[in-house]
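Q: I'm new to this one, so please walk me through it piece by piece.

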Amino acid sequence: MKCYFVSPPLQNHGVWRVEKMDLKPVLKQLHGNFFTGDCYVLLYTTAAPSYYIHMWLGSESSQDEKGAAAIFTTQLDDFLGGGPVQFREVQNNESLTFLGYFKSGIKYKQGGVASGFQHVVTNDMNVKRLLHIKGRRAIRATEVDMSWSSFNRGDCFIIDLGKDIFQWCGSECNSFERLKASQVAIDVRDNERNGRATLLMIEEGGEPQAVIDALGPKPNIPAGSADDESVDRSNQKKGVLYMISDAAGSMKASVVAQTSPFKQEMLSSSECYILDNGVDSKIFIWKGPSANTAERNAAMKAAEQFIKEKKYPKHTQVQVLPGGGETTLFKQFFCNWKDKDQTTGPGQAYSLGRIARVVQVPFDSSSLHTNKTMAAQHGMVDDGSGKVQVWRVEDGDQVPVDPSSYGQFYGGDCYLVLYSYRLGVLFTTRGRHNHDELAASAFLTVRLDDSMGGSPVQVRVTQGQEPAHLMSLFKGKPMVIHLGGTSRKGGQSRVGSTRLFHIRQSSTRATRAVEVEPSAAFLNTNDVFVLKSSNTVFLWRGVGATEEELAAAQYVTSFLGGGSATEVSEGKEPAGFWSALGGKKEYQTSRSLQKMVKPPRLFGCSNKTGRLIAEEVPGDFNQSDLATDDVMLLDTWDQIFLWIGNEANEVERTGSAKIDYVDSDPSGRRGIAITTIKQGMEPPTFTGWFQAWDPKLWETDPLERIRARQDVCKQLDP
């Protein structure tokens, strides 16, 4: 059996169905429709270009069809030079990448090619079927028996009668679920019926006669049941790394590391590996570019064998990744992952970890209010020229800080910083050495927020993880962070005789001076350091340092005292410099000056199932994915946003902050700044991650807009 692929499809993705051991293309209008008795191959092409190949297996497909799909997937991978990322998809357990291709939902149809069912666009108005809509982020529409017994009050259903399509909403459905169901109904009308059907939204208890005629007398409808979220997700970030070999013609797996996070250097380019995340029903195969052909071609087979040996569920997701084509989900298990050639010139860094290319935007403060993408990537709401107020948390209360010392923070204190611009921004900065004030700072933050009507954007900041905007608030001076001590009157502790400050400029050109342990191991070739010993002040300039960092260092020397500083260039240090640091040691000499923009991820935090869970939004998200009755978590790698919808309940509002999202991150990230935002008060640092943000989107109910369009259609076609 051989299938010849003449060229990749011209559109973003092509879909083929396995029919009698051959591949047949599915019409573009019907992409997202899958017969449960069939297998499919999907190819997604990015602009880079890079390729994702998905093998989809229906729950009722035969073993022969599954085998044929695997062979076609391997042939397509060979045709494209072995570079594509391969996914094994099983019905009802598809990857987020796959689900992201079909924002209006995927539809499971009963039957398959063996029973004569074909993918056709039909104008036949005698269709009769019932679709059950499930899911708040990933929408699935499953064909069920055309009977009232299939209904429940907690879900939406689509009653497809050919000429008329009814969206039936149970009395326990909320507005967001209704909105998502309407996307499926509109897709059926526009693509399966070529726009020739009438779409009507009906409520439970308001069924028209046409629905009663189709389904018979309506009985009592049972209550809805919670979505199936019974999987224990506490270990979803745990991974084990294995190396696989084909010794003696049989694939063997040997343990490389028992637990994540892993280090990238554990992967040899001449080997293949299994990253076992089976506790979250995911398996990754990494193919080294120099691995032998037999191992590379048998990667998917090795994964399926591994799943059997581990007795993992048959629906376990599999990703086969070539070296250089790693996805974000794979890279998150490594604490030090660096992509080869991750920059293609100044300001051109991007990642292929998700579907979309994420381009780094150079910083320009003059266009902050018009370029929201730049504001989001650099974490800046404006140029920092607004009004600043600073309080220190002291004995459970807030005490004003002398404006002359604004910009200096001590590791033994907690602070509240209020910045006023179009919206207020309230930073809560927490030192590392005072645990007693943490609870007080949280209470005072809420009190100050309430006193301003709940309007400020709240940002919780951990020492050493200060966002760029906070660093820019001090009128051209660097933000200075002392290693310990306190700024309280009479409470200052004695400082060491030797002190070392690390000065670095952010992508927004704001600078920060952080006191570190006085050791040569903390030096960095990209930056400037100020070293104060008992009798000398050195200003050390690394090879990759900037003039702005040098100017900030001179400000630091001005308040340290000790006389004028001796400027030292890297590589020309006098003996006294090394002596003050306790001797020479190895330090960071890599000149990785470009910032890598990592693809953002969006999660919904909801307790609609009876317990609080976080569920990722698949694919390229947009503003309409923000559920107004939930709390949403946006992860932009170096900052996390908690967006609170106006209709979110109290459990979601208070519990979402307790989700250990960062603490369970397999990459080992810690201390990331967390920004809390309320619906309708979003700063550009948040909105810039959403294409075409509409500030008036929620002024009218989107369901009302759909109903209004339906009313117009009824008037035009009575």
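This is a predicted model: local features need pLDDT of at least 70, side-chain atom pairs count only at pLDDT 80 or more; totals for chains, interfaces and linings use all residues.

Q: OK, what comes after α6, and what's its phi like?

A: K311 follows α6, and the phi of K311 is positive, near 60°.

Q: How far apart are the end C-alpha atoms of α6?

A: They are 16 Å apart, which agrees with the 16 Å that the 12 residues of α6 (299–310) should span at 1.5 Å a residue. That expected span is 1.5 Å times one less than the number of residues.

Q: Which residues of α6 are buried?

A: A299, M300, A302, A303, F306 and I307, where buried means under 20% relative accessible area, exposed over 50% and partly exposed in between, with a 1.4 Å probe and protein chains only. They cover an arc of only 155° around the axis, so they sit on the same side of α6; the arc is taken from the directions from the helix axis to the C-beta atoms. The face turned away from that side carries the exposed residues K301, K308 and E309.

Q: What covers the buried residues of α6?

A: Among the elements covering them are β6 (85–90), β13 (240–245), β15 (272–277) and β17 (317–322).

Q: New topic: in what order do the strands of the open sheet run?

A: The seven strands go β20-β24-β26-β25-β27-β28-β29, with mixed pairing; two strands pair if DSSP finds at least two bridges between them. β20 (408–410) and β29 (566–569) are at the edges with a single partner strand each, so one side of each has no neighbour in the sheet.

Q: How many bridges join β27 to β28?

A: Five, between residues 528–532 of β27 and 537–541 of β28, and the two strands run antiparallel. V528 has R541 in β28 as its bridge partner.

Q: Last one: where does A197 lie?

A: A197 is in the loop between α3 (175–192) and β12 (198–203), and A197 is buried at 9% relative accessible area. Leaving aside neighbours within four places in sequence, A197 is in contact with G162, K163, I165 and R189, contact being heavy atoms within 4.5 Å.

Note on methods:
Residues are numbered from 1 along each chain as its sequence is written. Side-chain values use heavy atoms; hydrogens and water are left out. Helices (H or I, at least four residues) and strands (E, at least two) are DSSP runs, numbered from the N terminus.
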